[in-house]
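Here is a short report on a sheet and the helices that accompany it. Please have the coordinates open while reading.

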Amino acid sequence: MEAMAPFHAEHFGNPSSIHWFGQRAEAAVENAREICAQALNCQPNEILFTSCGSESDNLALRGAALAARQHRNANHILISPVEHYAVSHTAKQLQDLFGFDVELLPVDRFGRISPQVALDHLRPDTALVSIIYANNEIGTVNPIQEISAICQSAGVIFHTDAVQAAAYIPLDLHRLNVHLLSLGAHKFYGPKGIGALFIRRGTNLYPTQTGGGQEFGLRAGTHNVPYIVGMAEALRLAQLDRESNSIKLSMLRDHLIGRVLEEIPGAYLTGHPHERLPNHASFVFDDIDGNTLLMHLDLAGFACSSGSACKTGSPEPSGVLTALGLPHSLALGSLRVTLGVQTTPAHIEALCNTLPDIIQSMRQRRS
Ligand SMILES: Cc1ncc(COP(=O)(O)O)c(C=O)c1O
């Protein structure tokens, strides 16, 4: 908030303007780009500012797929069945409107993609591979370094959605070797409505938002200067505290997982037991409706999430949970608990003491 404040009022210039007022704003944007590049170990001109993680995913997929088709007639897109909608719906549109052949890689029961499986599915006409770094619903972390190495050697563009990963997993882009990586600021306590896309130098990409020449001609539109400044500062702070936060939160997460599995009959962990986000615990429960569970938890003061969307009255289980092989009824009883930097052992204790009673009374009411 402090870093952003001057750019809402005092320094209100437009970075695209020639005059000194604009130049000051431009300097702030370029300084933010350098801070992000330092945090991610890449070059400043490899960071492109967007409006959110979804936009970064859209630009990565649509921009890279259309460029690969134009330059080398590539027509095949590989994604996983556990991608965020920002990736899976974009891929679907590329299939439906542009005729791309979109293939889903199989995942194991933890929702992980094996590098060997990715290698086996590559084709000479593969335009792009996109695999989520850390899953938002089940917390599973994928072997991104290995998959990106395979794509690099095959000369195929590799994108990863690192929106969930950025706060807790070191993102050293020199080591990672991905071509494209998406970020959204609010996942590391930056402002909502700002994101970034890392584009490795030399990666062919078409702009999906055309107009002015901002952001290296790849993303037209006047910059949101305060939010760009705020995102850079939040990323810098997140890197400083990443290790200590991860250690603290993974201890609380493991305590929560242990107690839920021990004390609640018919409770199962979803996602990988170890290769998972340090702040993420997710479960499914026998004989429970996930959305009703969320309402009970909300009334008890706990803000949690579920995997199923119930907008029409006929709840559909999340595609991520069914991709793990979970039966429909079990997948409807999902719960996702994400811890934050303000979560204390007392909060976890309170949840561990409340959840079994809520589950028990919900089951009693059903029977
Ligand atoms: C894995 C993942 N990708 C993409 C997004 C979309 O990011 P945004 O909300 O910044 O558009 C989210 C948001 O929760 C996410 O969890």
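Two strands count as paired if DSSP finds at least two bridges between them. The model is predicted.

**The sheet**

Strand 4 (residues 126-132) and strand 5 (residues 157-161) run parallel and are joined by five bridges. Within this pair, S130 stands opposite H159 in strand 5. Helix 5 (residues 144-154) lies across strand 4 and strand 5. Its direction makes an angle of about 160 degrees with strand 5.

Both strands belong to an open sheet of seven strands, ordered 1-7-6-5-4-2-3, with mixed pairing. Strand 1 (47-50) and strand 3 (101-104) stand at the edges. Each has a single partner strand, so one side of each is left without a neighbour in the sheet. On average, neighbouring strands of this sheet are turned by 20 degrees against each other, direction ignored.

**Helix 8**

Which residues of helix 8 are buried? In this helix (residues 290-299), they are G290, L293, L294 and L297. Seen down the helix axis, the buried residues fall within an arc of 100 degrees, so they line one face of helix 8. The face turned away from that buried side carries M295 and L299, which are exposed. G301 follows helix 8 and has a positive phi, near 95 degrees.

The cover over the buried residues of helix 8 includes the elements below.

| Covering element | Residues |
|---|---|
| Strand 10 | residues 334-338 |
| Helix 11 | residues 345-366 |

Methods:
Residues numbered from 1 in each chain as written. Predicted model: local features only at pLDDT ≥ 70, side-chain atom pairs only at ≥ 80, totals over all residues. Helix = DSSP H or I, 4+ residues; strand = E, 2+ residues; numbered from the N terminus. Axes fitted to C-alpha atoms, helices over the stretch in contact; angles between N-to-C directions. Contact = placed C-beta atoms within 7 Å. Buried ≥ 20, exposed ≤ 12 C-beta atoms within 10 Å, placed from the backbone. Arc of directions from axis to C-beta.
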